[in-house]
Amino acid sequence: MAAVEPSTPPLLAMRGVGKKFPGVIALSGVDFTVRAGQIHALLGENGAGKSTLIKVLTGVYAPDEGDIRLASQPIRPASPRDAERLGISTVYQEVNLIPTLSVAENIGLGRQPGKFGFLNWSALRRHARIALARLEIEVDVDAELGSLPLAIQQMVAIARALDLQAKLLVLDEPTASLDEKEVDELFKIMRQLRVAGLGIIFVTHFLDQVYEVTDCITVLHNGEFVGEYPTAGLGRLQLVSKMLGREVSDEEGHAAEGGRSAAVGGRPSSETTVPLLEACQLGRRGAVHPLDLTLRSGEVTGLAGLLGSGRTETARLLFGIDRADTGEIKLRGQPMKISSPRAAVQKGLAFCSEDRKTEGILPNLSVRENIIFALQAKRGAWNTLSRAEQGRLCTHYIQALRIKTGSPETPIKNLSGGNQQKVLLARWLATQPALIILDEPTRGIDVGAKAEIEQLIAKLRADGVAVLFISSEIEEVVRNSTRIAVLRDRRKVAELSGGEMELHRLLHEMAGVAKTHE
């Protein structure tokens with residue numbers, strides 16, 4: 001679809017923007033246009049290029065190619081401060097102000113009124129009240145920022161951004177930590193700013209919010225421009241398809257269903273199987289709304305949803321990384337409190353994080369040390385594995401998972417991504433878990449390694465292990481799962497099994513539209 005070209009001239013025009021990093025093309029020929037008096041959503045999945053584009057716009061990165069114009073004037077911000085001077089202000093998901101300073105001090109930071117080194121406190125407070133009044137916010141300007149609710153801190157950050165004489169406001173995931181009432185207040189302010197003539201870039205993962213407050217949508221995929229669309233003219237299913245980079249027909253969906261049966265051995269999910277783990281109304285404010293989830297031995301439960309839908313947040317609650325605000329977990333029918341990952345491991349749970357580099361591998365340790373790490377932690381400091389036991393364990397898993405390494409003593413950082421992932425799987429399999437949570441286990445690895453990991457998932461299922469499988473590749477979820485829980489905007493919205501698990505149906509559930517049968 002061609003880009004939207006309303007009659008009003010653009011406030012911001014980015015044309016043919018490109019940015020490369022060693023071995024990665026982050027942006028390739030991207031166009032982006034924002035007009036005054038417009039709320040423009042910038043959307044895309046992981047690796048789409050949203051963050052890179054924003055960093056180019058705000059002077060964090062210099063573009064390798066392309067042209068940027070603000071109010072028809074060529075610009076090339078050399079830093080975020082330079083971008084602010086040009087009239088581009090950014091408010092991030094994590095409020096980047098100083099919590100120990102007052103509201104007034106944060107709003108006036110770097111521009112405090114005064115003479116001869118003395119601060120004019122009355123002028124500072126008056127200036128802060130004027131900035132807040134513009135957004136119709138009533139708060140004590142002498143209050144310490146960190147003592148206020150997160151939603152108010154976000155509003156103060158926006159007030160500071162607008163106080164910089166902003167023409168263009170960038171809101172990068174501003175609603176990620178807000179509840180529904182706080183989101184409504186933010187949207188009220190965004191609409192007021194739109195009427196006042198500001199251009200607003202809204203980066204979010206929540207589709208409901210996109211359709212509630214935005215005028216226009218730009219979609220990126222794999223660093224490339226997909227298109228610019230009026231929000232009212234782009235259906236939810238179309239939007240999800242464009243974000244995922246594919247159009248799915250009914251025929252493709254049914255073909256994928258056949259592939260799923262082959263991948264998981266064709267055994268139907270059994271509702272009569274005794275649940276291994278039951279999460280009842282499990283939730284955490286700002287992460288995921290209370291949900292029910294049942295995991296059974298010998299089943300692969302897929303967790304599907306767009307980025308930001310609550311997939312990883314759910315996994316972290318189940319494994320005790322984050323503390324739930326509501327609900328309970330039952331293991332084999334008995335209430336269980338998982339207060340930490342250590343407690344989860346002791347109960348027979350395992351978790352392969354999506355962030356292999358920072359939350360998975362221990363890069364400077366050997367393959368052997370990485371494999372035995374979780375098992376040794378489970379056994380405790382006084383029940384150490386002998387070197388002979390470690391050797392037997394490593395030899396077994398290196399052979400069983402076909403890990404390509406010169407030696408068990410090779411530093412894991414020297415292995416390919418796919419082999420690093422296999423080492424992490426070996427680490428958790430060595431603990432003989434009853435449940436293993438696999439969060440994006442095939443991300444960033446080659447096709448051959450992906451196929452081997454999918455074969456391993458099928459074997460785990462056949463061996464009676466419960467598997468929670470999370471992937472942003474919906475074909476993988478359909479292919480490897482015996483049932484699929486669908487998340488959207490931090491809520492569980494559906495659970496599919498049997499013939500329901502086909503791509504077209506899954507896309508409809510992720511997008512939040514009713515499936516039509518032709």
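1. Aspartate 82, in this predicted model, has contacts with Arg76 and Pro77 once its neighbours within four places in sequence are set aside. The residue itself belongs to helix 2, which covers residues 80-86, and its side chain reaches back to the backbone nitrogen of alanine 78 at 2.9 Å.

2. Two packed helices are described by the angle between their axes and the distance between the axes. For helix 5 (residues 150-163) and helix 6 (residues 180-195), the axes come within 10 Å and cross at roughly 15°. With an angle under 35 degrees counting as roughly parallel, helix 5 and helix 6 are therefore roughly parallel to each other, and their crossing is right-handed. Helix 5 contributes Ala151, Met155, Ile158 and Leu162 to the contact, while helix 6 contributes Glu182, Glu185, Leu186, Ile189 and Leu193. Sorted by class, the contact of helix 5 with helix 6 holds seven nonpolar residues and two charged ones, with no polar residue.

3. The pair formed by helix 8 (residues 236-244) and helix 18 (residues 503-511) has axes that come within 9 Å and cross at roughly 105°. Angles of 65 to 115 degrees count as roughly perpendicular, and helix 8 and helix 18 therefore fall under that description. On the side of helix 8 the residues that meet the partner are Arg236, Leu237, Val240, Ser241 and Leu244, and on the side of helix 18 they are His504, Leu507, His508, Met510 and Ala511. The residues of this contact of helix 8 with helix 18 divide into six nonpolar, three polar and one charged.

4. Strand 11 (residues 216-221) and strand 12 (residues 224-230) are paired in the antiparallel sense, with six bridges between them. One of the pairs to look for is isoleucine 217 with tyrosine 229, its bridge partner in strand 12. The hairpin made by strand 11 and strand 12 has two residues between the strands, and in it asparagine 222 takes a positive phi near 50°.

5. An open sheet of six strands runs in the order 18-19-20-15-21-22, and its pairing is mixed. Strand 18 (349-352) and strand 22 (491-497) stand at the edges with a single partner strand each, so one side of each has no neighbour in the sheet. From one strand to the next, the twist in this sheet averages 15°. At one end of the order, strand 21 (residues 483-488) pairs with strand 22 in the antiparallel sense over six bridges, and arginine 483 has serine 497 in strand 22 as its bridge partner.

6. Four strands make up an open sheet in the order 14-13-16-17, where the pairing is antiparallel. Its edge strands are strand 14 (288-296) and strand 17 (334-336), each of which pairs on one side only. The twist in this sheet averages 25° from one strand to the next. Strand 16 (residues 326-331) and strand 17 are joined in the antiparallel sense over three bridges, and leucine 331 has glutamine 334 as its bridge partner in strand 17.

Notes: Residues numbered from 1 in each chain as written. Predicted model: local features only at pLDDT ≥ 70, side-chain atom pairs only at ≥ 80, totals over all residues. Heavy atoms only, no water. Axes fitted to C-alpha atoms, helices over the stretch in contact; angles between N-to-C directions. Parallel < 35°, antiparallel > 145°, perpendicular 65-115°, else oblique. Left-handed = near helix turned anticlockwise from the far one by under 90°. Contact = heavy atoms within 4.5 Å. Nonpolar A, V, L, I, M, F, W, Y, C, P; charged D, E, K, R; others polar. Polar contact = N/O pair within 3.5 Å; in protein donor to acceptor, adjacent residues only side chain to side chain. Pairing = 2+ DSSP bridges.
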